[in-house]
Amino acid sequence: MLLVMEDVEKGKINLTDEVTISERAASMGGSQMYMEVGEKHTVEELLKGVAMASANDGCVALSEYVAGSEEIFVERMNEKAKELKMNDTNFVNTNGLPVADHYSSAYDIAVMSKELYKYEETHKWFETWQDTITVGLPGKEKEFGLTNTNKMIKQYQGCNGIKTGFTSDAGYCLSASATREETHLIAVVLGAETSQIRNKEVAKILDYG
């Protein structure tokens with residue numbers, strides 16, 4: 001999301017640009033928007049799907065649109081990580097699905113989250129609880145409901161983002177953002193056994209801050 005928003009800011013791409021969904025993007029497992037090959041979606045719709053529903057297919061579609069291929073985009077991700085001094089991070093794919101040598105740390109994810117949050121356009125996606133998006137090829141369109149995977153935005157006073165994550169390898173993860181009065185904090189918890197434990201631990205850190 002950070003690299004896409006940087007390209008939007010530089011004028012290289014627009015949020016209104018249409019992206020055609022490739023076979024590779026459509027074949028992603030895990031959390032997704034269930035898009036079909038050949039469908040067209042705007043950059044903004046795909047970012048919203050990534051932000052709210054952890055859409056793995058949306059991640060791949062955006063990376064292909066921005067860089068031509070997921071592999072080239074991942075190179076850019078690693079370059080950005082180095083630039084931000086994320087020294088305990090190595091990206092192999094765009095969406096965090098389990099693969100050898102793909103790793104990060106709570107600190108690095110906090111650094112990345114802080115950088116992403118500078119883009120005010122993202123805030124509305126992080127803070128929206130539910131929305132719908134039209135998916136499917138022409139003539140077969142259907143409404144797909146997006147529900148934010150970050151329940152903290154409803155449960156924790158001042159919570160305004162950012163991103164959940166889960167795989168069986170990584171456990172339940174969350175980079176959470178909250179603002180109260182003039183104080184804005186980001187807390188990251190990785191590897192929790194359940195989403196309830198994850199949310200409780202994040203709330204503890206934010207309360208402390």
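**Close-up views of a predicted model**

**Figure 1. Q130 and its partner in a strand pair.** In strand 4, Q130 has T147 as its bridge partner. The model shown here and in the other views is predicted. Strand 3, which covers residues 130-135, pairs with strand 4 in the antiparallel sense, and the pairing runs over six bridges. The two strands, strand 3 and strand 4, form a hairpin, with six residues between them. In the turn of this hairpin, G136 has a positive phi of about 110°.

Figure 2. N150 is found in the loop that lies between strand 4 (142-147) and helix 8 (152-155). Is N150 buried or exposed? N150 has a relative accessibility of 1%, and residues under 20% count as buried, so N150 is buried. Leaving aside residues up to four places away in sequence, N150 touches W129, C159, G161, I162, T164 and L174.

Figure 3. Three strands make up an open sheet in the order 5-6-7, and their pairing is antiparallel. Strand 5 (159-167) and strand 7 (183-192) are the edge strands, each of which pairs on one side only. From one strand to the next, the twist averages 5°. Helix 6, residues 106-117, packs on the sheet and touches strand 5, strand 6 and strand 7. The direction of helix 6 makes about 140° with that of strand 7.

**Figure 4. Strand 6 beside strand 7.** Strand 6 (residues 171-180) pairs with strand 7 in the antiparallel sense, over eight bridges. S175 stands opposite V188, a residue of strand 7.

**Figure 5. Helix 1 against helix 5.** Helix 1 is formed by residues 2-10 and helix 5 by residues 70-83. The two helices pack at an angle of about 90°, and their axes are 10 Å apart. Angles of 65 to 115 degrees count as roughly perpendicular, so helix 1 and helix 5 are roughly perpendicular to each other. Helix 1 contributes L2, L3, V4, E6 and D7 to the contact, while helix 5 contributes F73, R76, M77 and K80. Of the residues in this contact between helix 1 and helix 5, five are nonpolar, none is polar and four are charged.

**Figure 6. Helix 4 against helix 5.** Helix 4, residues 56-67, packs with helix 5 at an angle of about 85°, with the axes 8 Å apart. How are helix 4 and helix 5 oriented to each other, roughly perpendicular or roughly parallel? Because their angle is about 85°, helix 4 and helix 5 count as roughly perpendicular. On the helix 4 side the contact is made by V60, S63, E64, V66 and A67, and on the helix 5 side by E70, I72, F73 and R76. The residues of this contact between helix 4 and helix 5 comprise five nonpolar, one polar and three charged.

**Figure 7. K124 and the polar contacts of its side chain.** K124 lies in helix 7, which spans residues 121-127. With a relative accessibility of 40%, K124 counts as partly exposed. Which side chains make polar contacts with the side chain of K124? One of them is the side chain of E44, at 3.1 Å. Another polar contact, of 2.8 Å, joins the side chains of K124 and E121. The C-alpha atoms of K124 and L62 are separated by 19 Å, and these two residues are 62 residues apart along the chain.

How values were computed. Residues numbered from 1 in each chain as written. Predicted model: local features only at pLDDT ≥ 70, side-chain atom pairs only at ≥ 80, totals over all residues. Heavy atoms only, no water. Helix = DSSP H or I, 4+ residues; strand = E, 2+ residues; numbered from the N terminus. Buried < 20%, exposed > 50% of the residue type's maximum accessible area, 1.4 Å probe, protein only. Contact = heavy atoms within 4.5 Å. Axes fitted to C-alpha atoms, helices over the stretch in contact; angles between N-to-C directions. Parallel < 35°, antiparallel > 145°, perpendicular 65-115°, else oblique. Nonpolar A, V, L, I, M, F, W, Y, C, P; charged D, E, K, R; others polar. Polar contact = N/O pair within 3.5 Å; in protein donor to acceptor, adjacent residues only side chain to side chain. Pairing = 2+ DSSP bridges.
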